[in-house]
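The sequence and structure come first, followed by the terms and the findings.

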Amino acid sequence: MERSFVERLKEAMDRKGMNQYQLARAIDAPVTTVNSWFTGKAEPRPEYLQRIVRELNVSPAWLLFGEAGLRYDPDILRSVIRAVEELERMEGLDIRPEKKAELVTILYEESLEEEKGVQTEEVQDMMHRLLRLAT
């Protein structure tokens, strides 16, 4: 059986000897926000995801989807998050946090393969390709 996001988050926290309160402090998030992830009421926004993977030293793909083998590169992750947020502003979009996290993960994986960050134009192209596939 595949483990959930919460189970993987707990595993990573256990490896670091952290509880919810300590994670909240480490990533500068309200404890209620962290608790909402554990109760399934919310998923972390991309900026929290970035802080979590950095603090717990795990890849976003593993944390969100259980996919192994991807390394964590904070510079690439930052460039992907910036590009997605810039595109969201430019296009006047309001992407739900869980969908934004999925998009960030997909683009992060693509960027790792190419060993570089992404530009807004690349994010826009990728989003259009994903939308075409979804329709």
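## Terms and basis

A crossing is left-handed if the near helix is turned anticlockwise from the far one by less than a right angle, and right-handed if clockwise. Helices (H or I, at least four residues) and strands (E, at least two) are DSSP runs numbered from the N terminus.

The model is predicted: local features need pLDDT of at least 70, side-chain atom pairs count only at pLDDT 80 or more, and totals for chains, interfaces and linings use all residues. Residues are numbered from 1 along each chain as its sequence is written, and side-chain values use heavy atoms, with hydrogens and water left out.

## Overall composition

The protein chain has 8 helices and 0 strands. From the N terminus on, its elements run α-α-α-α-α-α-α-α. Of its 135 residues, 41% count as buried (under 20% relative accessible area; exposed is over 50%, and partly exposed lies in between, with a 1.4 Å probe and protein chains only).

The protein chain exposes about 7800 Å², and carbon and sulfur atoms supply 47% of that area (Shrake-Rupley method, 1.4 Å probe; for residues, only the protein chains shown count as cover). Among contacts in the protein chain with a separation of 6 or more, 61% involve residues 24 or more positions apart; a contact means heavy atoms within 4.5 Å.

## Packing of α4 against α1

Helix α1 (residues 5-16) packs on α4 at an angle of about 40°, and their axes are 10 Å apart. The axes are lines fitted to C-alpha atoms, for helices over the stretch in contact, and angles run from 0 to 180 degrees between N-to-C directions. That angle makes α1 oblique to α4 (under 35 degrees counts as roughly parallel, over 145 as roughly antiparallel, 65 to 115 as roughly perpendicular, and the rest as oblique). The crossing of α1 past α4 is left-handed.

On the α1 side, L9, A12, M13 and K16 meet I52, E55 and L56 of α4. An α-helix has 3.6 residues a turn, so residues three or four places apart point the same way. K16 of helix α1 is partly exposed, with a relative accessible area of 43%. Leaving out residues up to four places away in sequence, K16 touches E55 and L56. K16 and E55 are 39 residues apart in sequence and 9.1 Å apart in space, C-alpha to C-alpha.

## Packing of α4 against α6

The angle between α4 and α6 is about 175°, and their axes are 10 Å apart. The two helices are therefore roughly antiparallel to each other. P46, E47, Q50 and V53 of α4 make the contact with P74, L77, R78, I81 and E85 of α6.

The buried residues of α4 are P46, Y48, L49, Q50, I52, V53 and L56. Of these, P46, Q50 and V53 take part in the contact with α6, while I52 and L56 belong to the contact with α1.

## Loop residues

Most residues other than glycine have a negative phi, and most peptide bonds are trans. N57 lies in the loop between α4 and α5 and is exposed, with a relative accessible area of 62%. D28 also has a phi near 55°, a positive value in a residue other than glycine. D28 sits in the loop between α2 (20-26) and α3 (31-38), where 61% relative accessibility counts as exposed.

S59 lies in the loop between α4 (46-56) and α5 (60-65) and counts as buried at 6% relative accessibility. A polar atom of the S59 side chain lies 3.0 Å from the backbone nitrogen of W62. D73, in the loop between α5 and α6 (74-91), counts as buried at 18% relative accessibility. Apart from neighbours within four places in sequence, D73 is in contact with Y108 and L112. The C-alpha atoms of D73 and N57, 16 residues apart along the chain, are separated by 9.7 Å.

## A residue of α7

E102 lies in helix α7 (residues 97-114) and is partly exposed, with a relative accessible area of 31%. E102 and P60 are 42 residues apart in sequence, and their C-alpha atoms are 9.4 Å apart in space.

Conventions:
A polar contact is a pair of N or O atoms within 3.5 Å; within protein, one must be able to donate a hydrogen and the other to accept it, and residues adjacent in sequence count only if both atoms are side-chain atoms.
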